[in-house]
Amino acid sequence: MTTEMQEIAITEEKPLLPGQSDPVKDCAEVAARILLDQGQEHSVETPHGVLHVTVHGAGNARRPAILTIHDVGMDSKSCFSTLFKFEEMQEIVKNFTVVHVDAPGQEEGAAIYPVGYQYATMDQISEMLPAVLQYFNFRTIIGVGVGAGAYILSRFTLSNPEAVEGLVLINVDTNARGWMDWAAQKLSNLTSSLSDQILSHLFSQEELSANTELIQTHKERIAKAPNLINVELFWKSYLGRRDLSIERNNTFKCPVMLVVGDQAPYEEAAVECNSKLDPTTTSFLKMADAGGMPQLTQPSKLTEAFKYFIQGMGYMASSCMTRLSRSRTTSLSSSYSMEGSRSRSRTLSQGSQGGQLPPSPSHTMEVSC
């Protein structure tokens with residue numbers, strides 16, 4: 001009886017040399033970075049329909065999530081990617097869970113709504129947000145909204161003050177349209193295309209006249225949007241918004257940072273909103289040489305201001321302020337008052353040395369930086 005012998009090649013497992021990388025581990029880390037960059041996408045069921053939500057970060061139960069909502073004619077990517085992928089913003093991103101919420105039907109690849117579809121009102125969209133917090137088990141948030149998104153977050157905060165620790169409102173308009181606005185919009189509907197109407201909402205006339213690459217990019221993106229019907233429904237919903245009736249005795253219970261460019265179409269609305277808020281918990285940042293999209297054109301300045309804002313709430317106290325503190329000499333004065341251990345009053349100084357923040361008077365200062 002013949003026994004056949006088979007050769008078996010055995011590979012010797014050798015330990016990695018000092019400085020030599022493990023290819024398997026490297027691949028896992030690359031995959032993790034890609035996942036963190038792209039975010040995890042979710043479809044969240046709410047009382048008024050489904051919301052598309054993208055989450056970045058693993059989460060920190062001791063800190064609020066940063067929740068964003070975009071403006072009309074945009075989605076979360078086009079509105080916030082430039083800001084949240086900015087190099088100096090990464091310190092914040094690493095310390096907080098970032099949640100980007102797309103308004104109904106506005107996300108990339110969204111299904112087209114049928115003719116006659118009853119789109120959600122601004123109030124109803126704000127009523128969808130508690131379902132998002134419950135879905136991800138978020139106790140509180142720091143809201144960051146632009147334009148229509150700022151209005152939605154304002155409405156949500158007034159109805160759910162315990163769920164919001166801070167608000168950053170860019171180009172906010174808390175008022176309903178007046179008769180003059182209504183008449184102007186009727187005329188615009190007859191003489192302007194939908195993309196032109198939305199561009200006039202996003203940018204000032206000076207910006208539109210300059211016809212920069214940013215303007216051209218957004219004009220082409222809106223005009224060629226496959227979900228243009230959905231965009232129009234969101235636009236009409238925003239035009240039909242109600243007055244938030246904000247006043248000193250009916251205002252936000254959390255710190256607020258209002259942001260607007262000095263060339264933005266909603267500069268007057270932001271100034272009026274600032275006059276109605278509690279000056280001890282509000283800071284107003286007016287950016288020089290900035291138009292309707294400071295989060296895209298001035299991400300460095302906005303990041304630095306956001307860091308100060310978060311520090312004023314008691315988070316990231318060891319964060320190092322660099323760019324604005326070195327390059328600017330104007331001061332950003334504001335006071336934040338919070339219940340509990342985070343109660344404090346600070347001056348946010350762009351010209352301070354070593355990140356020191358001396359105390360400030362309890363009022364809001366308008367700042368150009």
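## Exercises on a predicted model

α8 passes α11 in a left-handed crossing; a crossing is left-handed if the near helix is turned anticlockwise from the far one by less than a right angle, and right-handed if clockwise. This is a predicted model, in which local features need pLDDT of at least 70, side-chain atom pairs count only at pLDDT 80 or more, and totals for chains, interfaces and linings use all residues. Residues are numbered from 1 along each chain as its sequence is written, and side-chain values use heavy atoms, with hydrogens and water left out.

**Exercise 1.** Determine how the axes of α8 and α11 are oriented, and which residues meet.

*Solution.* Helices are DSSP runs of H or I with at least four residues, and strands are runs of E with at least two, numbered from the N terminus. Axes are lines fitted to C-alpha atoms, for helices over the stretch in contact, with angles from 0 to 180 degrees between N-to-C directions. The axes of α8 (residues 194-202) and α11 (residues 228-239) come within 11 Å and cross at roughly 50°. α8 is therefore oblique to α11 (under 35 degrees is roughly parallel, over 145 roughly antiparallel, 65 to 115 roughly perpendicular, the rest oblique). In contact (heavy atoms within 4.5 Å), Leu194, Gln197, Ile198 and His201 of α8 meet Leu228, Val231, Glu232, Trp235 and Tyr238 of α11.

**Exercise 2.** Describe the packing of α8 against α10.

*Solution.* The axes of α8 and α10 (residues 213-223) lie 10 Å apart, at an angle of about 140°. These two helices are therefore oblique to each other. The crossing of α8 past α10 is right-handed. On the α8 side, the residues are Ser195, Asp196, Ile198, Leu199 and Leu202, which meet Ile215, His218, Lys219, Ile222 and Ala223 in α10.

**Exercise 3.** State how α5 and α6 are arranged.

*Solution.* Helix α5 (residues 129-136) and helix α6 (residues 148-159) have axes that come within 10 Å and cross at roughly 75°. They are therefore roughly perpendicular to each other. Leu129, Pro130 and Leu133 in α5 meet Ile152, Leu153 and Phe156 in α6.

**Exercise 4.** Explain what the pair of Tyr119 and Phe234 ties together.

*Solution.* Seven aromatic pairs are found in the whole structure (rings of Phe, Tyr and Trp, its six-membered ring, with centres within 6.5 Å; planes under 30 degrees apart are stacked, over 60 edge-to-face, the rest tilted). Tyr119 and Phe234 form a tilted pair, 6.3 Å centre to centre with 50° between the planes. Tyr119 lies in the loop between β4 (98-102) and α4 (122-126) and Phe234 in helix α11, so the pair ties together parts 115 residues apart in sequence.
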